[in-house]
Amino acid sequence: MSAANFFDLFSMDPSHGSFGQGVLAMFRKNCWYVAAWDHEVTQTPLARTLLCEPVVLFRKQNGEAVALEDRCCHRALPLSMGVVIGDHLQCGYHGLEFDSLGQCVKIPGQDKIPPNAKVKSYPLVERWKWLWIWMGDPELADDSLIPNWWWFDHPEWEIVKGKYLKLACNYQLITDNLLDLSHLAYVHLNTLGTSDISEFPIKTDRESDAVRMTRWILDRPAPPMFQSLGDFDGAVDRWQIVETFSPCLTQIRAGACDAGSCNPDLGEPDIGMHIRSLNAPTPETENSTFYFFGHARDFALGDKDVSGNLFKMVSQTFDEDVVILEAQQKRITAHPDKEFIDINVDAPGIAARRMLARDIEAENK
Amino acid sequence: MSAANFFDLFSMDPSHGSFGQGVLAMFRKNCWYVAAWDHEVTQTPLARTLLCEPVVLFRKQNGEAVALEDRCCHRALPLSMGVVIGDHLQCGYHGLEFDSLGQCVKIPGQDKIPPNAKVKSYPLVERWKWLWIWMGDPELADDSLIPNWWWFDHPEWEIVKGKYLKLACNYQLITDNLLDLSHLAYVHLNTLGTSDISEFPIKTDRESDAVRMTRWILDRPAPPMFQSLGDFDGAVDRWQIVETFSPCLTQIRAGACDAGSCNPDLGEPDIGMHIRSLNAPTPETENSTFYFFGHARDFALGDKDVSGNLFKMVSQTFDEDVVILEAQQKRITAHPDKEFIDINVDAPGIAARRMLARDIEAENK
Amino acid sequence: MSAANFFDLFSMDPSHGSFGQGVLAMFRKNCWYVAAWDHEVTQTPLARTLLCEPVVLFRKQNGEAVALEDRCCHRALPLSMGVVIGDHLQCGYHGLEFDSLGQCVKIPGQDKIPPNAKVKSYPLVERWKWLWIWMGDPELADDSLIPNWWWFDHPEWEIVKGKYLKLACNYQLITDNLLDLSHLAYVHLNTLGTSDISEFPIKTDRESDAVRMTRWILDRPAPPMFQSLGDFDGAVDRWQIVETFSPCLTQIRAGACDAGSCNPDLGEPDIGMHIRSLNAPTPETENSTFYFFGHARDFALGDKDVSGNLFKMVSQTFDEDVVILEAQQKRITAHPDKEFIDINVDAPGIAARRMLARDIEAENK
Ligand code: FES
Ligand code: FES
Ligand code: FES
């Protein structure tokens, strides 16, 4: 597979620096992306570039969050440099005001408002602590397409809100990373990994809008994180079930139970410790990505020490990944036409790329 | 009006990064620009890129200022890295010497000087505390075309020498800013602005080489700057007369008198306080500009406190503008083809763009 | 000579920023370049981009140094981010291991290794304290083509190991600089230069793979460096014999003896003080260069003070050159099509460019 193919058939050129029409095809647009954590959006406008488009986020008086194009239709000032007045966003240059649908509703010093005086508005839904944005055709926005990540909002699960990371890499490299946990043995040896992980084979399932990677690690010592939080006598059985939904939303169900106490063929057991890692990379540009993530667990509920340790371990893990992914992107950008060699564990990642390429192609037909 | 039109018909492409032949058309060349404040140019060479050309400025022994191409004709070292020896500039690499017309007059170690061993020299005139440079055809340089800004050099006016600002934006955005003072109410609310300014209509006059915007604000409280410096009992009448001369020199005549004490139809009155703001943006490149400015007043002459306060207030005002203009340029650069909406107060700015486009087109015929 | 010609006929465009096929022609490939100082390469991998290719350097258990492509064939991670395990380099992402010929010898979790799972390996020879790399066709690598710089490894000569400098300029500007020491009088007046150097003519010899510049400065005071280290009663005769071997390796033989005590026509004399300056610029990219250099002398052997002073003086000299060369490159990059004027002392530099252009053209036929 060449790097050109790696970034698929859809006219993506990792070497170019500006974003014209051709770049639309880099991203799936008619789908939900995470734009921000709920607590990030207030009555002070927040600027964020998503899929190469400048977006401003703010809340109305009733608390409802709004997403508009962050470029005044008058003389292009970012509206995020203005102020929220009631439910309107006022531009900081000449005072034009826009309502939550992006319509200009006031021009200081004149009565007539040209009908085309408006900025784009984006469907925005607040769910599972995140603000989900629809960058494509608003007519098609359907909030039932937001993944059912109920663990983030349920009394029997404790959520550790992550921060978000800003990575200088294409969003698909993050999907690759999450769908191939064999890297735990090399990148995260001191946090999540154990050196024997790659001895256990993976199983790849392809569904219409999802790819699933399953790996069971049987009868082995628990890795440091489980050791410090769990209460195991000896070896454990451990599972990693990673599912990527198009375009790039990935949930990881992981956990451990005493070795021999469950049947892997029946899927994830109810016994033992369970963790949900929810991952939502949102492209800023072709080669930079906002990576939103959080974790939920069904043990040690309310234990702040455990939450703190978990947050620390996860943060450390992700910082280790950032270094890898950004270095990888630099080499790909420098020589975009060089070939890649595929190995067995790449199967899920390749399947996810194919699914995404298919969806982007369908959108651009 | 699209952004492409905003930067007019003359083949300017805000997205490209290098400057070839096509870019000549971005700038009017046969006209005067300010190259530096008088005190900046000494016998130590000063390097400055103007209209994408590297220029070196220095003074001869008799104090006369000289402008040469800042690139040695031998092996391209900036001549500004050399030293002035008498009236000559000596290159810091192999010691070639150039006279004030740019002719090479000495090559160490050889007697014969090739006739084409020379660098470009630019007409340069010192007037109104500024050094005016002519970047186009030297044959056409005519110092009577320098604007008559006598207030900068007259005993009945006190000049507050500005500094200069370096802005990461196209020079025409500065002209827009100065010709539309309605932004005072939003950008400079705490310095120059009053929130009611946009209630008063503007008048636009188009002359062959100038555009004039006039606004009278009648019977209103004086804004903070006038309040602290003037001696008004109650409301004031205030005027702003902004004139832009092609390509981009803008003088502002502003002032205030007791409300009702003058007749706006007769133009600026002799009574009251008078301020002259002189503004000379000089393009460094397409998207970066040296902005020279200064202010003169006919009140509180010799009062250093007033000068200090005025300088402080003006500096603060301009720092507020810099943030706006550079943010505006970023959005324009990112999406150069997006449309703009025009509003009433844009009339003078649009007239100034048309005037400049006409002049650039004429130069490139 | 135009700048385009200055960088010769071989399709080099100083203005482009990325490096595609056409750029191969910028560099001679079938020749030896210095990749690193011997002490820089250990069992911790060292990353270095050479001729626009990413290279990783490390040592095997027996101390032998190895150079491989610094880009994993699996998913492009720089191999320099991995670890050396025995004689193999293990990738830091998914643990692939490569032997010293670049062949993948282990893929965790699978037995079959695809035959094309390999990275490029480069011939590497350790000689004269430096690691010499062959970036072209390995079949043609012949270590007898490494210059015979025996002074760096001989008991009667004291070597002052230089560091290396990273310069933001094309490597050919360094050759120009070394072949035209007339700049000593302007750039290095306080270290190596004397102001009368340009009075003495140079002689240029062109051989098939080398260019030689010879200058004798007769019966003049010694410059500061020789004055402080030598033991001269009065004036000295001084010589500079600079030889550049294709593509860009330059040795300088310099020295001084009492005025009138030798015959310049017979070449460098055995009497007096002798210095060897060995210079090996290695292109990183078109406009950035690793510059390796060192100096040997046949006097004050073992005197650490003299070594320290010499190192300090040479470092200061080179720091002065860096400023010149990088400024020169900036002007060339900004206006690559502008003409240059040649002067007499340019003859050796022009001869070296022609030699290199000829060799690059031959390689690309
Ligand atoms: S740029 Fe927004 S109101 Fe003018
Ligand atoms: S570069 Fe100016 S004298 Fe050589
Ligand atoms: S990138 Fe090197 S092993 Fe995967």
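**Exercise 1.** Find how many residue pairs are in polar contact across the interface of domain 1 of chain A and domain 2 of chain A.

*Solution.* Start with the rule: a polar contact is a pair of N or O atoms within 3.5 Å; within protein, one must be able to donate a hydrogen and the other to accept it, and neighbours in sequence count only if both atoms are side-chain atoms. Apply that here and you get 12 residue pairs, both at pLDDT 80 or more.

E1(A) gives the largest share of its side, six residues (strands are DSSP runs of E, at least two residues, numbered from the N terminus).

A quick note on the model: it's predicted, local features need pLDDT of at least 70, side-chain atom pairs need 80 or more, and totals for chains, interfaces and linings use all residues. Residues are numbered from 1 along each chain as written, chains are lettered from A and ligands numbered from 1 in written order, and side-chain values use heavy atoms, without hydrogens and water.

**Exercise 2.** Count the salt bridges between chain C and chain B, and look at one of them.

*Solution.* Look for a side-chain nitrogen of Lys or Arg within 4 Å of a carboxyl oxygen of Asp or Glu. That gives four salt bridges. In one, C:Asp342 pairs with B:Arg75 at 2.8 Å, N to O.

Definitions and conventions:
Helices (H or I, at least four residues) and strands (E, at least two) are DSSP runs, numbered from the N terminus.
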